[in-house]
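The following exercises ask the reader to work through a structure step by step.

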Amino acid sequence: MDFSDFSMNDAGIGRPGHHITGEEMHAYLTAYAHHFDLMKRIRFNTRAVQVQEAAPTSDNGWKVEKPRNSSWPPAFSASLICPPSKAAKPLTHPFFTPPPSVLATKPSSKTPTSTAFAVLGGSKSAYDIVYLAATTGHKVDWIIRKSGRGPSWVFPSHTKIIGPLRAWREKLVTRRIFTFMSPCVLPDHSGTQLSWIRDFLHKTKIGKAVAKSFWKTLHADTIRDCRYREGGGGGNEDKRFSVLEPAHSPFWYGTSSGTLNYEHEQDFKTLITSGQVTVHRKDISHLSPHTIHFFADDTTTLTVDALICATGYSAKPPADFFPAELHFQLGIPTATDSLSDQEQAVWAKYDQEADEIIATRFPQLLASVPESITIPSPAFNYTPWRLHRGIAPPGLTARDSSTRRSLVFLSMHSNITNIPRIELQCLWSLAYLNDKIKVSSLQQVFKDTALFQRWCQHRSPLGHGRQYPDLNFDQLPYWDWLVADMGLRVRRKGSVWRELGNVRKLE
């Protein structure tokens, strides 16, 4: 949770053995900014609304526009680093428009007049809202769309492995031995002594059986840890709680998951089985004042004081990039019908080639991909992020040498251990912007970008893979990829066994 050059211990923040709270994280980031004298470089209470390529070959190549009512003038820069927030614009569903009488408020024990809350969504943020509302004495109706992807996996931080031994789930994905279990198309930089393991696990009959058994065991252990089928299963489990069990294996969800990081994580089930929280797997048809209506085949209604939507955020950049013709070169989300026929044909060709590569290397991956969603999503009307290494615009990366490599997008990406990935992306970006990264031809850059995006989409169809890279057990090969690009040594653990079993962490 903390950066390598300024730990939480240095800032005097955090409690050993406890989860980091939002307040503690904010305090740490504030202390970090003060420690490195960054406050003077931050323009608070303003935002970028439009970015324009002004003069690609000059020192003022990018123009950043602020809102019209901002006191700050437009900014010009030779290089632009964009950290587009994945939480900038909430997603709203087209099947209803909340009227003013249905309010979204933060539940609090200090608001006794608001006693009945409805929460829409099945993600970790929905869990958090439900937990906060219920533990402050409010009645909660938790609505998870029947036609959507259903609830996400949210589990205890540790899992049993052998007898009383317990493993920290977040650290499993940073041990190389477990990353080999995933069908990963990224280049293997683990070295000749280890690189054969992935081929063995995914290309031989015995290896496939081992990998399949691993994911089956992980699935079963997660169900056990979450207590969905507690009571023996076979119909004996409490259906008020078992309705939260996701439909598919954690294999497919990427980072659309979370940890029960509450002080009393075992109490979450009690909140539901006690009747404090009621889960509804239904689709909302419309709203009326303080009333939620479901579709015609369900005549029941819910009377609530507030509806809180935990339905995710748009993956589109919060600032508009102008002109729109740049979107193809930049690889940013754009309306699918805004690309020219030629541009659509280019991506269709590269996407098909990428799918053929994936099908050849990992046919079992494409053969068993679950249906990600049963009704169209507004997010699917836009193209996904298509960035070289998940960072740089493909069109600008391979332009002729007279044009600067002047733009990168940081952290339009999701994985379990975010801080090491962010630091590596920053180092890679610095090398890239200073022309220290070797780049292939334009055609190869587009091919590599398409392969990365299509594999992410197939690998995490129930996570964020359709919109941007969503890596869980594959995050270590991604780190290796960036490190190798920079010409640095990938293997640094000293022995094969340490390379296989040691946890990767900031050091």
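**Exercise 1.** At roughly what angle do the axes of helix H6 (residues 196–203) and helix H7 (residues 205–226) cross, and within what distance do they come?

*Solution.* The model is a predicted one.
Step 1. Two packed helices are described by the angle between their axes and the distance between the axes.
Step 2. The axes of H6 and H7 cross at roughly 90° and come within 5 Å.
Step 3. Angles of 65 to 115 degrees count as roughly perpendicular, and H6 is therefore roughly perpendicular to H7.
Step 4. On the H6 side, the contact is made by Phe-200, Leu-201, His-202 and Lys-203. H7 contributes Lys-205, Ile-206, Gly-207, Lys-208, Val-210 and Ala-211.
Step 5. Sorted by class, the contact of H6 with H7 has five nonpolar, three charged and two polar residues.

**Exercise 2.** Describe the packing of helix H14 (residues 418–433) against helix H16 (residues 475–485).

*Solution.* Step 1. The two helices pack at an angle of about 25°, and their axes are 10 Å apart.
Step 1. Angles under 35 degrees count as roughly parallel, so H14 is roughly parallel to H16.
Step 2. The crossing of H14 and H16 is left-handed.
Step 3. From H14, the contact involves Pro-420, Arg-421, Leu-424, Gln-425 and Trp-428; from H16, Tyr-478, Trp-479, Leu-482, Val-483 and Asp-485 take part.
Step 4. The residues of this contact comprise seven nonpolar, two charged and one polar.

**Exercise 3.** Which residues lie nearest the centre of the second largest pocket, and which elements give two or more residues to its lining?

*Solution.* Step 1. The second largest pocket has a volume of about 540 Å³.
Step 1. Its lining consists of 21 residues, and Leu-424, Val-483, Arg-492, Arg-504 and Lys-505 lie nearest the centre.
Step 2. The elements that give two or more residues to this lining are H14, H16 and helix H17 (496–501).
Step 3. By class, the lining divides into 11 charged, nine nonpolar and one polar.
Step 4. Leu-424 and Val-483 also belong to the contact of H14 with H16.

**Exercise 4.** Identify the backbone features at Pro-323 and Arg-227, and locate each residue.

*Solution.* Step 1. Most residues other than glycine have a negative phi, and most peptide bonds are trans.
Step 1. The peptide bond from Phe-322 to Pro-323 is cis, with omega near 0°. Pro-323 is placed in the loop between strand E16 (320–322) and helix H10 (326–330).
Step 2. Arg-227 is not a glycine, yet has a positive phi of about 65°. Arg-227 is found in the loop between H7 and helix H8 (239–242).

Technical notes
Residues are numbered from 1 along each chain as its sequence is written. This is a predicted model: local features need pLDDT of at least 70, side-chain atom pairs count only at pLDDT 80 or more; totals for chains, interfaces and linings use all residues. Side-chain values use heavy atoms; hydrogens and water are left out. Axes are lines fitted to C-alpha atoms, for helices over the stretch in contact, and angles run from 0 to 180 degrees between N-to-C directions. Helices (H or I, at least four residues) and strands (E, at least two) are DSSP runs, numbered from the N terminus. Angles under 35 degrees count as roughly parallel, over 145 as roughly antiparallel, 65 to 115 as roughly perpendicular and the rest as oblique. A crossing is left-handed if the near helix is turned anticlockwise from the far one by less than a right angle, and right-handed if clockwise. Contact means heavy atoms within 4.5 Å. Ala, Val, Leu, Ile, Met, Phe, Trp, Tyr, Cys and Pro count as nonpolar, Asp, Glu, Lys and Arg as charged, and the others, Gly among them, as polar. On a 1 Å grid over the protein atoms alone, a cavity is a set of points where a 1.4 Å probe fits but cannot get out, and a pocket is an open set with protein on both sides within 12 Å along at least five of seven lines; lining residues have an atom within 4 Å of a point. Grid points are joined across faces, edges and corners, and a volume is the space filled by probe spheres set on the points.
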